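Reader: Could you show me the structure, so that we can go through it together?
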Amino acid sequence: MRVTEGNIARRVLIGFRVRVLRHPDPALEGLEGEVIWETPRTIVVRASRSGAERVVRVLKDGALLEVEAEGRKFYVEGFRTLGRPEDRVRRG
């Protein structure tokens with residue numbers, strides 16, 4: 001299934017590159033990397049800066065994420081990705 005603006009919030013985010021554009025914790029703004037795990041309320045991002053790699057847990061609620069998928073960039077409000085992916089599909 002192709003990733004579109006309409007279904008990006010219902011997809012599993014693992015494997016996509018993300019950048020945190022806005023977050024209640026200003027220290028997370030600008031963080032970018034690959035999503036390596038997802039829970040109902042958080043995503044875990046493997047980020048590298050200046051050659052150092054780190055793993056950061058980011059709360060979804062309150063975040064604005066730029067998600068890169070299939071060569072395109074999508075903007076997703078974090079609250080739209082709350083919950084398990086199989087529950088998000090039912091919500092529509």
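Author: What follows is a conversation about this predicted model.

Reader: How many bridges join β1 to β2, and what about β2 with β3?

Author: Three bridges join β1 to β2 (residues 32-38), and these two strands run antiparallel; within that pairing, Arg 19 has Glu 32 in β2 as its bridge partner. Strand β2 also pairs with β3 (residues 42-49), again in the antiparallel sense, over five bridges, and there the bridge partner of Glu 38 is Ile 43 in β3. The strands β2 and β3 form a hairpin with three residues between them.

Reader: And β3 with β4, how many bridges there?

Author: Strands β3 and β4 pair over eight bridges in the antiparallel sense, and Arg 49 stands opposite Ala 52 in β4. These two strands also form a hairpin, with two residues between them, and Ser 50 in the turn has a positive phi of about 55 degrees.

Reader: Switching to electrostatics, how many salt bridges does a search of the whole structure find?

Author: The search finds six salt bridges. One of them is between the side chains of Glu 66 and Arg 19, at 3.4 Å from N to O. Glu 66 lies in strand β5 (residues 64-69) and Arg 19 in strand β1, so this pair ties together parts that are 47 residues apart in sequence.

Reader: Are those two side chains buried or exposed?

Author: Glu 66 is buried, with a relative accessible area of 9%, whereas Arg 19 is partly exposed at 30%. The cut-off that matters here is 20%, under which a residue counts as buried.

Reader: What does Glu 38 form a salt bridge with?

Author: Glu 38 forms a salt bridge with Lys 60, and the closest N and O atoms are 2.9 Å apart. Because Glu 38 lies in strand β2 and Lys 60 in the loop between β4 and β5, the pair ties together parts that are 22 residues apart in sequence. Both Glu 38 and Lys 60 are buried. Glu 38 is also the residue whose bridge partner in β3 is Ile 43.

Reader: Which side chain does Asp 87 meet in a salt bridge?

Author: Asp 87 meets Arg 84, with 3.1 Å from N to O. Asp 87 is partly exposed, with a relative accessible area of 25%, and Arg 84 also counts as partly exposed, at 42%.

Reader: Where is Arg 88 found, and is it buried or exposed?

Author: Arg 88 is found in helix α1 (residues 85-91), and with a relative accessible area of 1% it is buried. Arg 88 and Val 20 are 68 residues apart in sequence, and their C-alpha atoms are 21 Å apart in space.

Reader: Back to the segment before β1: is Phe 16 buried or exposed?

Author: Phe 16, which has its place in that segment, is buried, with a relative accessible area of 14%. Phe 16 and Leu 65 are 49 residues apart in sequence, while their C-alpha atoms are 11 Å apart in space.

Reader: Last one: which residues make the nonpolar surface patch?

Author: Val 12, Ile 14 and Trp 37 make the nonpolar surface patch, which covers about 300 Å². Val 12 sits in the segment before β1 (17-22), and at 45% relative accessibility Val 12 counts as partly exposed.

Notes
Residues are numbered from 1 along each chain as its sequence is written. This is a predicted model: local features need pLDDT of at least 70, side-chain atom pairs count only at pLDDT 80 or more; totals for chains, interfaces and linings use all residues. Side-chain values use heavy atoms; hydrogens and water are left out. Patches are made of residues with over 30% relative accessible area and no salt bridge: like charges are joined within 9 Å, nonpolar side chains (Val, Leu, Ile, Met, Phe, Trp, Tyr) within 5 Å. Accessible areas come from the Shrake-Rupley method with a 1.4 Å probe; for residues, only the protein chains shown count as cover. A salt bridge is a side-chain nitrogen of Lys or Arg within 4 Å of a carboxyl oxygen of Asp or Glu. Helices (H or I, at least four residues) and strands (E, at least two) are DSSP runs, numbered from the N terminus. Buried means under 20% relative accessible area, exposed over 50%, partly exposed in between (1.4 Å probe, protein chains only). Two strands pair if DSSP finds at least two bridges between them.
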